[in-house]
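Hi everyone, thanks for coming.

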Amino acid sequence: MDLTILYRGPLASCDYDCPYCPFAKRRDSREQLRIDRAALERFTAWAAAQSGDRISVLFTPWGEGLVRSWYRRAVVELARLPHVRRVAIQTNLGGRTQWLAAAGAAGRDKIALWCTYHPGQTPYERFLGRCGELASLGIRHSVGVVGLEGHLDEARRLRAALPDEVYLWVNAAEGHTYTDEEADRWTAIDPLFPYSRHPHRSAGLPCRTGESVISVDGEGTVRRCHFVRAELGNLYDGSYRAALGPRACPLAVCDCHIGYVHLETLPLYDVFAGGVLERIPAPPLSSATPAGVPGVRGD
């Protein structure tokens, strides 16, 4: 089996407090952190035992994972496993990066970070410096911002400072409608912004989730993706395996990159070939620029 797993445990605490963030915001208690740590260690042990499969993992925590030692350790341990193809995590890059050296050269080749810059939450120079540290360690990474007007100048500044080979993505702000003029400004920074600008129609359309991509929570409950609540079984008793197979999306639209990237009606597996989990397009990016994204509008 060649399986991509989106893992989201119970962690919800974050060292940032972005007003536009749709994720849960709380200060996890010691007991909540203990439960999250135990859940992640259980998942890592399960992954280590799946030597007959090929596995790729993307951690998508509600909170910030890399400020917690157990997430850093899980990334390194998974990267060392021969049957793990890629281990990636979404992060605000607020923590240190030198722990990545412990993965060794072979492990670092498998690790990738999906990094979000949050203006107002961290100094620009610190974030840019951390990106430089990732580059010096040989860690694949993408960098991005939320497409709010107040972030535009900072996004332009960041794009100018980053090496050309580092992709800077822009997420459409939740609930925000962009005029063509506004969209053009963001597309000048991220040529793939048109894919994020509008929700994608998905009802009845084929999607890789539930077949080669699954979502797993801290209890091991398997769903096709984070956005469809129907359960396919449990990871730890193996009951999910019999439920895997091609299936159409039951939702009207999909408006999150970690969801619609798997829609078979979009060309994003080609656009991001070799970097789907970490949101890194295959070069050259210019050839992946959508001239018009058909079927994108959700209205």
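This is a predicted model: local features need pLDDT of at least 70, side-chain atom pairs count only at pLDDT 80 or more; totals for chains, interfaces and linings use all residues.

Asp 180, Glu 181, Asp 184 and Ala 188 are exposed on one side of helix 6. Which residues of helix 6 are buried? They are Ala 183, Trp 186 and Ile 189, in a helix that runs over residues 180-189. If you look down the axis of helix 6, the buried residues fall within an arc of 110 degrees, so they line one face of the helix. Here is the general idea behind that: an α-helix has 3.6 residues a turn, so residues three or four places apart point the same way. And what covers the buried residues of helix 6? The cover includes strand 5 (140-146), helix 5 (152-161), strand 6 (168-171) and helix 7 (193-197).

Strand 2 (residues 54-59) pairs with strand 3 (residues 84-91) in the parallel sense, over five bridges. As a landmark, look for Phe 59, which stands opposite Ile 89 in strand 3.

Further along we meet strand 10, residues 221-225. Five of its five residues are buried, so strand 10 is largely enclosed by the rest of the structure. On one side, strand 10 pairs with strand 9 (residues 213-217) in the antiparallel sense over two bridges, and Ser 215 stands opposite Arg 223. Strands 9 and 10 form a hairpin with three residues between them, and Gly 220 in the turn has a positive phi of about 90 degrees. Strand 10 also pairs with strand 11 (residues 228-234), again antiparallel, over four bridges. Here Thr 221 stands opposite Asn 234, and a hairpin of two residues joins strand 10 to strand 11.

Last stop: two helices that pack together. In general, such a pair is described by the angle between the axes and the distance between the axes. Helix 1 (residues 30-49) and helix 2 (residues 69-79) have axes that come within 10 Å and cross at roughly 5 degrees. Angles under 35 degrees count as roughly parallel, so helix 1 is roughly parallel to helix 2. Among the residues making the contact are Leu 33, Leu 40 and Thr 44 of helix 1, and Trp 70, Ala 74 and Leu 78 of helix 2. By class, this contact has seven nonpolar, one polar and five charged residues.

Let's zoom in on Thr 44 in helix 1. Is Thr 44 buried or exposed? Its relative accessibility is 7%, so Thr 44 counts as buried. Beyond its neighbours within four places in sequence, Thr 44 is in contact with Ala 74, Glu 77 and Leu 78.

That's my tour, thank you!

Methods
Residues are numbered from 1 along each chain as its sequence is written. Side-chain values use heavy atoms; hydrogens and water are left out. Axes are lines fitted to C-alpha atoms, for helices over the stretch in contact, and angles run from 0 to 180 degrees between N-to-C directions. Angles under 35 degrees count as roughly parallel, over 145 as roughly antiparallel, 65 to 115 as roughly perpendicular and the rest as oblique. Contact means heavy atoms within 4.5 Å. Ala, Val, Leu, Ile, Met, Phe, Trp, Tyr, Cys and Pro count as nonpolar, Asp, Glu, Lys and Arg as charged, and the others, Gly among them, as polar. Buried means under 20% relative accessible area, exposed over 50%, partly exposed in between (1.4 Å probe, protein chains only). The arc is that of the directions from the helix axis to the C-beta atoms. Two strands pair if DSSP finds at least two bridges between them.
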